[in-house]
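These are my notebook entries on one model. I set out to look up a sheet, the helices on it and a pocket.

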Amino acid sequence: MRLDVLKAMNAARRERRAGVMVTRFDDGSQRFVEASGFAADPLGERLDQALRMGKSGALALDGVEYFLTVQAPPPRLVLIGAVHISQALAPMARIAGLDPTVIDPRTAFATPERFPDTPVVAEWPDEALATAPPDRYTAICLLTHDPKIDDPALVLALRADCFYIGALGSKKTHAKRIERMRALGFDDEALARIHAPIGLDIGAVSPAEIAVSIIGEVVASLRRKPLRTEGRAP
């Protein structure tokens with residue numbers, strides 16, 4: 001591997017920027033293309049597809065064979081609220097390859113005993129996320145039902161490029177949430193990014209079932225794969 005390609009990949013990895021290394025089989029030439037540069041690359045559409053699915057592999061196009069090496073940061077799942085749903089969701093997230101963190105300023109709930117093997121941050125969301133700002137490989141779930149806790153995280157999520165934002169609550173609760181966000185200056189396009197009520201509509205009732213519905217919606221958003229019920233081709 002050329003030194004400049006290796007340096008570019010290492011720099012992107014440190015800063016949680018995704019990209020794909022393109023290697024031509026016939027001459028061994030290589031280049032690293034960051035996601036922000038896909039549109040200008042001749043293989044841009046194929047690079048985007050490979051990155052979206054998180055799969056490296058061979059590609060043949062116009063008689064030329066390539067190998068695409070996908071480099072993407074581990075997707076993070078930030079759970080706002082040390083609640084029962086979070087207790088079920090955190091281990092599911094790890095199984096699915098997500099890196100979960102629980103944030104809740106209520107120290108009676110945000111304890112390592114309730115969340116074994118999961119980082120727990122007993123701080124207000126805006127304080128906790130200041131040290132690890134959300135990015136395009138971050139999903140945020142708002143689960144407390146308390147605007148004092150959920151809203152600061154929502155504001156940061158809407159200002160960032162999170163791939164998923166989900167919020168627990170009824171349609172009435174969400175309507176009030178939207179009103180609060182409009183008052184802070186967010187427009188319809190930004191607010192449409194919020195999945196609410198959170199999770200796929202599978203008739204979930206228990207915390208574990210709700211966690212299943214959430215993890216399904218998060219993965220679909222990460223891979224940007226339309227659901228069959230949306231009537232679009234994958």
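Entry 1, terms. I count two strands as paired if DSSP finds at least two bridges between them. Helices (H or I, at least four residues) and strands (E, at least two) are DSSP runs, which I number from the N terminus. The model is predicted, so local features need pLDDT of at least 70 and side-chain atom pairs count only at pLDDT 80 or more, while totals for chains, interfaces and linings use all residues. Residues are numbered from 1 along each chain as its sequence is written, and side-chain values use heavy atoms, with hydrogens and water left out.

Entry 2, the sheet. I looked up the strand order and found an open sheet of four strands, E2-E1-E4-E3, with antiparallel pairing. Strand E2 (30-34) and strand E3 (57-61) are at the edges with a single partner strand each, so one side of each has no neighbour in the sheet. On average, neighbouring strands are turned by 30° against each other, direction ignored; for angles I use axes, which are lines fitted to C-alpha atoms (for helices over the stretch in contact), and angles otherwise run from 0 to 180 degrees between N-to-C directions.

Strand E1 (residues 19-24) is joined to E2 by five bridges, and Val 22 has Arg 31 in E2 as its bridge partner. I found six bridges between E1 and E4, also antiparallel; there, Arg 24 is partnered by Tyr 66 of E4. E3 and E4 are joined by five bridges, with Ala 60 opposite Glu 65 in E4. Two residues separate E3 from E4 in a hairpin, and Asp 62 in its turn has a positive phi of about 55°.

Helix H1 (residues 3-14) lies across E1, E2 and strand E4 (64-71), at about 25° to E2. H2 packs on the sheet and touches E1, E2, E3 and E4, its direction making about 40° with that of E4. Contact here means heavy atoms within 4.5 Å.

Where does the largest pocket lie? Domain 1 (3-71) and domain 2 (76-223) both contribute to its lining, so it lies between them; the bounds come from an automatic or database domain assignment. H8 gives the most to this lining, with four residues.
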